[in-house]
Amino acid sequence: MNDILARVGDKWSVRVVMALEGGSRRFNQLRRDIPGISQRMLTRTLRGLERDGLVSRTVTPSVPPRVDYALTPLGRSLCDPVARLGNWAIANIGKVENARAVFDSEQD
């Protein structure tokens, strides 16, 4: 269970899942849609999500080959919980920042 929670709780995995929520994307489209992610990290994240059955990879033979990534049904089932967690974070970011400031000031 810890492995699954580590995957779905990873910030890049969450961002990739949300980027694919609207439909399939090519690698470079995903890189543009997810600010701050490196090519290496996106590759590792996509491979991990594919291994876990959350993302499918489709290669279309052409020159150069076209590779598309899409959420599987299992991956789509993750969108609602991820969106709710994101909404919670947005709604509570001020409280968390205040709590951090209080904690940090008490540590000095």
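Modeller: A residue is called buried under 20% relative accessible area, exposed over 50%, and partly exposed in between (1.4 Å probe, protein chains only). By that scale Arg-66 is partly exposed, with a relative accessible area of 35%. This is a predicted model, in which local features need pLDDT of at least 70 and side-chain atom pairs count only at pLDDT 80 or more, whereas totals for chains, interfaces and linings use all residues. Residues are numbered from 1 along each chain as its sequence is written, and side-chain values use heavy atoms, with hydrogens and water left out.

Biologist: Which residue forms a salt bridge with Arg-66?

Modeller: Side chains of opposite charge can pair when their charged atoms come close. The criterion is a side-chain nitrogen of Lys or Arg within 4 Å of a carboxyl oxygen of Asp or Glu. Here the partner of Arg-66 is Asp-68, with the closest N and O atoms 2.8 Å apart. Asp-68 itself counts as buried, at 12% relative accessibility.

Biologist: How many salt bridges does this rule count?

Modeller: The count comes to 3. Another joins the side chains of Arg-84 and Asp-80, at 3.8 Å. Arg-84 counts as exposed at 57% relative accessibility, while Asp-80, at 48%, counts as partly exposed.

Biologist: Where do Arg-84 and Asp-80 lie?

Modeller: Helices (H or I, at least four residues) and strands (E, at least two) are DSSP runs, numbered from the N terminus. Arg-84 and Asp-80 both belong to helix α5, 4 residues apart, or about one turn of the helix.

Biologist: At which residue does α5 bend?

Modeller: A bend is the angle between axes fitted to the seven residues ending at a position and the seven starting there. In α5 the bend is about 60°, and it falls at Asn-92. Asn-92 is also among the buried residues of this helix, together with Gly-75, Leu-78, Cys-79 and Val-82. The elements covering those buried residues include α1 (2-9), α2 and β3. Ala-91 also has its place in α5, but Ala-91 is exposed, with a relative accessible area of 57%.

Biologist: Which residues have the most contacts inside the largest nonpolar core?

Modeller: Such a core is a set of buried Ala, Val, Leu, Ile, Met, Phe, Trp, Tyr and Cys residues joined through side-chain atoms within 4.5 Å. The largest one here has 20 residues, and those with the most contacts inside it are Val-16, Leu-20, Leu-30, Leu-42, Leu-46, Val-55 and Tyr-69. At least two residues of this core come from each of α2 (11-20), α3 (27-33), α4 (39-51), β3 (66-71) and α5 (73-107). The largest share, 5 residues, is supplied by α2.

Biologist: With which residues is Leu-30 in contact, leaving aside its neighbours within four places in sequence?

Modeller: Contact means heavy atoms within 4.5 Å. With those neighbours left aside, Leu-30 touches Ala-19, Leu-20, Arg-25, Leu-42, Leu-46 and Tyr-69.

Biologist: Which residues of α2 are buried?

Modeller: The buried residues there are Trp-12, Ser-13, Val-16, Val-17, Ala-19 and Leu-20. They lie on the same side of α2, because they cover an arc of only 165° around the axis, taken from the directions from the helix axis to the C-beta atoms. Lys-11 also has its place in α2, but counts as exposed at 54% relative accessibility.

Biologist: With which residues is Thr-45 in contact, again leaving aside its neighbours within four places in sequence?

Modeller: Thr-45, found in helix α4, is in contact with Trp-12, Ser-13 and Val-16. It is buried, with a relative accessible area of 3%. The C-alpha atoms of Lys-11 and Thr-45 are separated by 9.9 Å, although these residues are 34 residues apart along the chain.

Biologist: Which residues does a cis peptide bond join?

Modeller: The cis bond joins Val-63 and Pro-64, with omega about -10°. Pro-64 is located in the loop between β2 (55-60) and β3.
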